[in-house]
Amino acid sequence: NNQFSQRVSDIIVFSKEEANRLRSRYIGPEHLLLGMLREESYRDIVQTQNKSDDIKKQIETILKADADDFLLPDAEVPLSNGAAKILKMCILEARLMKSNVADTEHVLLAILK
């Protein structure tokens with residue numbers, strides 16, 4: 001019984017892809033946010049493409065400083081404690097809002113908390 005919507009599942013996959021692209025040793029909250037930026041429904045939250053691009057560039061600049069050049073492009077990277085906590089919190093947010101599944105808005109609320 002999956003507690004995440006398809007969009008949240010996509011965000012998790014996108015987050016892993018972003019971590020691999022940026023050669024990160026983990027999937028952190030910042031990767032979840034990058035995954036959200038790739039998910040189409042996020043455009044409803046950030047109303048303009050320019051804001052989205054600016055956020056992405058700022059996060060990438062920070063992550064590139066910690067890149068591990070020895071990681072393979074498709075390496076298995078674990079969730080950080082922070083990212084795991086966010087995913088758990090988004091399920092709680094969904095329950096608080098009487099939703100059967102956690103969706104993108106619940107992920108964003110969990111990140112903000």
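Guide: A helix, in the sense used here, is a DSSP run of H or I covering at least four residues, and helices are numbered from the N terminus. In this predicted model, Ala102 lies in the loop between H5 and helix H6 (104-112).

Visitor: Why is Ala102 called buried?

Guide: A residue counts as buried under 20% relative accessible area. Ala102 has a relative accessible area of 1%, and therefore it is buried.

Visitor: What does Ala102 touch, apart from residues up to four places away in sequence?

Guide: Contact requires heavy atoms within 4.5 Å. On that basis Ala102 touches Gln3, Phe4, Ser5, Val8, Cys90, Ile91 and Ala94.

Visitor: Why does His31 count as buried?

Guide: The relative accessibility of His31 is 0%, so the residue counts as buried. His31 is placed in helix H2. Beyond its neighbours within four places in sequence, His31 is in contact with Ser15, Glu18, Ala19, Ser24, Tyr26 and Leu63.

Visitor: What makes helix H2 (residues 29-38) mostly covered?

Guide: Of the 10 residues in helix H2, 7 are buried. These are His31, Leu32, Leu33, Leu34, Gly35, Met36 and Leu37. Across the protein, buried residues account for 42% of the 113 residues.

Visitor: What pattern does the protein follow along the sequence?

Guide: The pattern reads α-α-α-α-α-α, and the protein has 6 helices and 0 strands.

Visitor: Which helix has the lowest confidence, and which the highest?

Guide: Confidence, given as pLDDT from 0 to 100, is lowest in helix H3 (residues 42-45), with a mean of 62, and highest in helix H5 (residues 81-96), at 96. Where pLDDT is low, the predicted coordinates should not be read in detail. The protein as a whole averages a pLDDT of 87, with 90% of the residues scoring at least 70.

Visitor: How far apart are the mean positions of the positive and negative charges of the protein?

Guide: The mean positions of the 16 positive and 18 negative charges are 4 Å apart. The accessible surface comes to about 7000 Å², and carbon and sulfur atoms hold 53% of that surface.

Definitions and conventions: Residues numbered from 1 in each chain as written. Predicted model: local features only at pLDDT ≥ 70, side-chain atom pairs only at ≥ 80, totals over all residues. Heavy atoms only, no water. pLDDT = per-residue confidence, 0-100. Helix = DSSP H or I, 4+ residues; strand = E, 2+ residues; numbered from the N terminus. Buried < 20%, exposed > 50% of the residue type's maximum accessible area, 1.4 Å probe, protein only. Areas by Shrake-Rupley, 256 points an atom, 1.4 Å probe, with all protein chains shown as cover. Lys, Arg positive; Asp, Glu negative; His and termini not counted. Charge placed at Lys NZ, Arg CZ, Asp CG, Glu CD.
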